[in-house]
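Me: I've got a model open and want a quick walk through it. Can you take my questions one at a time?

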Amino acid sequence: MNDNTIRLDGKVAFITAGANGLGAGTALHIARCGGDVAFVDIDADGGERTAAQVRALGRRALFIEADVLHVSRIEAAVRQAADRFGRLDILVNNAGGTRQGTFMGQPERSWRKLIDLNFVSMLAATQAAAAVMIEGGRGGTIVNIASSEGLRAAPGYAVYAACKAAMVSFTRTMALELSEHRIHVHALAPDMIATAGLKRFTESLHPEVNAARDRYIPLGRMGDVEELTSVVVFLASGMASYLTGVTLPVDGGTLASSGWSRAKDGQPWALYHP
């Protein structure tokens, strides 16, 4: 280990849904640590903007406009990135999303789209990227962005949470299947990370709701995007050379709290505070 172990110089990353939010933050953090970045997204304007920001950091960037709901387009994008940069070292499966609603109120087309977006896209990107990594013979790192909802019950988000739980299980299995190729596979389980979209949503809530949220989070606040992306960089670097198959809750302690929260008056932790 030395001062350069956290660096990603010479490495190439591929990110799904990299135009905005956590995906864009990951692309920029990887670039600041010396890596080049390819990514897919359906947002052409956001994709070009993020690619320009990566290049402004002195790194190479490739934005491919593609819908991750189509497996063939993911596979083609991975191959295009590998052909352009000559290698692939890091895959970040970031694509995902959901809407609130009870499962019994969801039509089939809704939950099938959620499965394709949150789970099938990860399968396709993993298979395509791992094949390139194996061909390259240099090993690699795959980081799956799961969710705290995949580790607990999630009323109103049943299909989304089930996909994230499946992602966690898939991570463990791939860590074993790909270990002989020196490919490390991990998952992150974030909770409240302050992306631009989440900030807009929380600003629309009553102040008491946001105050209750902060009492529920042991560290007392939402996480910054860089507090998640720094963990991605850590896992992709030499600092994590003896880790594989892990799921890290990047959640400010909410998985640990499991129903415990602070009282409004700041008294010690207890269950079921009003």
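Me: What share of the 274 residues in the protein is buried?
Reply: Buried residues account for 46% of the 274. Buried means under 20% relative accessible area, exposed means over 50%, and partly exposed is in between (1.4 Å probe, protein chains only).

Me: Before I go on, what are the ground rules?
Reply: This is a predicted model: local features need pLDDT of at least 70, side-chain atom pairs count only at pLDDT 80 or more, and totals for chains, interfaces and linings use all residues. Residues are numbered from 1 along each chain as its sequence is written, and side-chain values use heavy atoms, with hydrogens and water left out.

Me: OK. How many helices and strands are there?
Reply: Nine helices and nine strands. They are DSSP runs numbered from the N terminus: helices are H or I with at least four residues, strands are E with at least two. The radius of gyration is 19 Å, close to the 19 Å from the globule rule for 274 residues, so the protein is as compact as a globular protein of that length. That radius is taken over C-alpha atoms, and the rule is 2.2 Å times the number of residues to the power 0.38.

Me: And what does the C-alpha trace span along its principal axes?
Reply: About 55 × 50 × 40 Å.

Me: Contacts next. Of those between residues at least 6 apart in sequence, what percentage join residues at least 24 apart?
Reply: 72%. A contact means heavy atoms within 4.5 Å.

Me: Switching to charges. How many salt bridges does the structure hold?
Reply: 11. The criterion is a side-chain nitrogen of Lys or Arg within 4 Å of a carboxyl oxygen of Asp or Glu. One of them joins Arg59 and Asp36, at 3.2 Å from N to O. Arg59 sits in the loop between α2 (44-56) and β3 (61-65) and Asp36 in strand β2 (residues 36-41), so the pair ties together parts 23 residues apart in sequence.

Me: Is Asp36 buried or exposed?
Reply: Buried, at 3% relative accessible area. Arg59 is partly exposed, at 24%. Both also belong to a salt-bridge network with Arg60.

Me: What does Arg7 pair with?
Reply: Asp9, with the closest N and O atoms 3.0 Å apart. Arg7 is partly exposed at 32%, and Asp9 is partly exposed at 48%. Glu149 and Arg152 form another salt bridge, at 3.0 Å. There, Glu149 is buried at 19%, while Arg152 is partly exposed at 30%.

Me: Now backbone. Where does Ala17 lie?
Reply: In the loop between β1 (12-16) and α1 (21-32). Its phi is positive, about 55 degrees, although Ala17 is not a glycine. Most residues other than glycine have a negative phi. Ser258 also has a positive phi, near 45 degrees. Ser258 lies in the loop between α9 (254-257) and β8, and is exposed at 55%.

Me: Last topic, surface. Which residues make the nonpolar patch of about 470 Å²?
Reply: Trp260, Trp269, Leu271 and Tyr272. Patches use residues with over 30% relative accessible area and no salt bridge, joining like charges within 9 Å and nonpolar side chains (Val, Leu, Ile, Met, Phe, Trp, Tyr) within 5 Å. Trp260 is in strand β8 (residues 260-261), and is partly exposed at 39%.

Note on methods
Accessible areas come from the Shrake-Rupley method with a 1.4 Å probe; for residues, only the protein chains shown count as cover.
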